[in-house]
Amino acid sequence: MTAIWQERLDHLKAVIEADIAKGDYYGAVLKVGRGGIVVFDEAIGHAYAGQERTLKKDDVFSLFSVTKAFTNILILRAIEEGRFALTTKVRDVLPEFTGKPREEATFYHLITHQAGMPGVWSPRPGMFLDRLQELFDESIAHVHGTSPPGEKCDYSPLVNHVLMGMALVRTDPKRRDYRTLLHEDLFAPLKMHSTSMGLRADLDARHVRPDMRGTVPIKHLSRNLPGDHALFEDPEVEAPHVGCASTCGDLWRFAEMLRREGELEGHRILSPRMIRLARRIHTGDKPNELYKGVALRAGWQVPPANQGLGFQVRGTGIYQHLFGQLSSPETFGNYGAGSTMFWVDPVADVTFSFLSAGVMTQGSNIERCGKLSDIALSACL
């Protein structure tokens, strides 16, 4: 039985409307389910600052770093298939990855953001970010380890997932490119029909162009289109760290697969054992160096990183968190640049997917998402 406090869900919608009226962001699409039953599914507000376009539930958003979640799942799948192990050194699959201290990093270090690589947003200033091979070549040439693997947890905006994307291509028995691999092994089985690497041509009319509002520190250049963030409008993109577009409904299906421990509608992506290992905390008490800076600038308590295998995990403690204060310690999910997020609470049996227009700063987004997550969870009796 799914016990829901409907008045609290009505309040959730009202809070989002009030945030939009204050100008915090332009609009949002939010879908919440409990035990697989949808309890909240709303498109609220507008796509752009001028309010000329009302958001719809099937609108397509650039996912930013939520893209990393898809790469992570395929890495865990490859490990289950025996193509390499968490303990395999990256250099054993990608022999170009040499030089101390980075050459000692394993795939476990990559997927938990403990590889000791600097948190760069581009391997080389001013380069195009739309081709996996180029991203890999430039990362090998220009991004070197700054600390021994395992010593620190420091969120990797790009390099770790470029390496993992290339490892998937190199070890794929069917010799597919990364875009094909993503579609055939993940999006198609999960019926994520409005999800693609790069903005697929048929999704363009529904795409909400991201308004960075000065919150993102780099340009996302693509060789095929003009503009500082043309990567998010180009269909010919292969960027395992940031290149996917999707709808709230499709992202909810992906999260539902995780809630169901690797399976959805008869299609199994991962085993329950792998999901359970992935949603455990693997970074101890270490802070995430990137978000340590966010907390200090905001005057907050610095939280632990709480990295799982590719997921952020809620853990215990009272501090500012994207997943709020009411989520169980086992809650796990992913997020992207001030606008996108999903999480699964396996204790409350809740799936939450959220896509918004008008990119917020990191600190403001953490506060906003934590607030909305807590309201949603308080409605689950």
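This is a predicted model: local features need pLDDT of at least 70, side-chain atom pairs count only at pLDDT 80 or more; totals for chains, interfaces and linings use all residues.
View 1. In β5, Phe61 finds its bridge partner in Val208. Residues are numbered from 1 along each chain as its sequence is written, and side-chain values use heavy atoms, with hydrogens and water left out. Step back and you get an open sheet of 4 strands, ordered β4-β6-β3-β5, with mixed pairing. β4 (196-197) and β5 (207-208) sit at the edges with a single partner strand each, so one side of each has no neighbour in the sheet. Two strands pair if DSSP finds at least two bridges between them; strands (E, at least two residues) and helices (H or I, at least four) are DSSP runs, numbered from the N terminus.

**View 2. The antiparallel sheet.** Here 6 strands make an open sheet in the order β2-β1-β12-β11-β10-β9, and the pairing is antiparallel. The edge strands, each pairing on one side only, are β2 (37-45) and β9 (312-313). Zoom in on β11 (residues 340-345) and β12 (residues 350-357), which share 6 bridges in the antiparallel sense. Thr340 stands opposite Leu355 in β12.

**View 3. The nonpolar cores.** The largest nonpolar core has 82 residues, and those with the most contacts inside it include Phe70, Ile73, Leu182 and Phe342. Helix α2 (residues 67-80) brings the largest share of this core, 8 residues. A core here is a set of buried Ala, Val, Leu, Ile, Met, Phe, Trp, Tyr and Cys residues joined through side-chain atoms within 4.5 Å. Buried means under 20% relative accessible area, exposed over 50%, partly exposed in between (1.4 Å probe, protein chains only). Leaving out residues up to four places away in sequence, Leu182 touches Phe70, Leu74, Phe187, Met197 and Cys244; contact means heavy atoms within 4.5 Å. There's also a second, separate core of 35 residues, with Val15, Ala28, Ala348 and Cys369 among them.

**View 4. Asp374 on helix α11.** Asp374 is found in α11 and, at 18% relative accessibility, counts as buried. Setting aside neighbours within four places in sequence, Asp374 is in contact with Phe323, Gly324, Gln325, Leu326 and Ser327. Asp374 and Ser327 are 47 residues apart along the chain, with 7.3 Å between their C-alpha atoms.

**View 5. The largest pocket.** About 370 Å³ of space lies in this pocket. Of its 26 lining residues, Trp121, Gly336, Ala337, Gly338 and Gln362 lie nearest the centre. α11 gives the largest share of the lining, 3 residues. On a 1 Å grid over the protein atoms alone, a pocket is an open set of points with protein on both sides within 12 Å along at least five of seven lines, a cavity is a set where a 1.4 Å probe fits but cannot get out, and lining residues have an atom within 4 Å of a point. Grid points are joined across faces, edges and corners, and a volume is the space filled by probe spheres set on the points.

View 6. The structure holds 4 cavities of 30 Å³ or more. The largest has about 200 Å³ of space, and Tyr291, Pro303, Gln312, Gln320 and Ile366 are the closest to its centre of the 17 residues that line it. Helix α10 (residues 289-298) gives the most to that lining, 4 residues.
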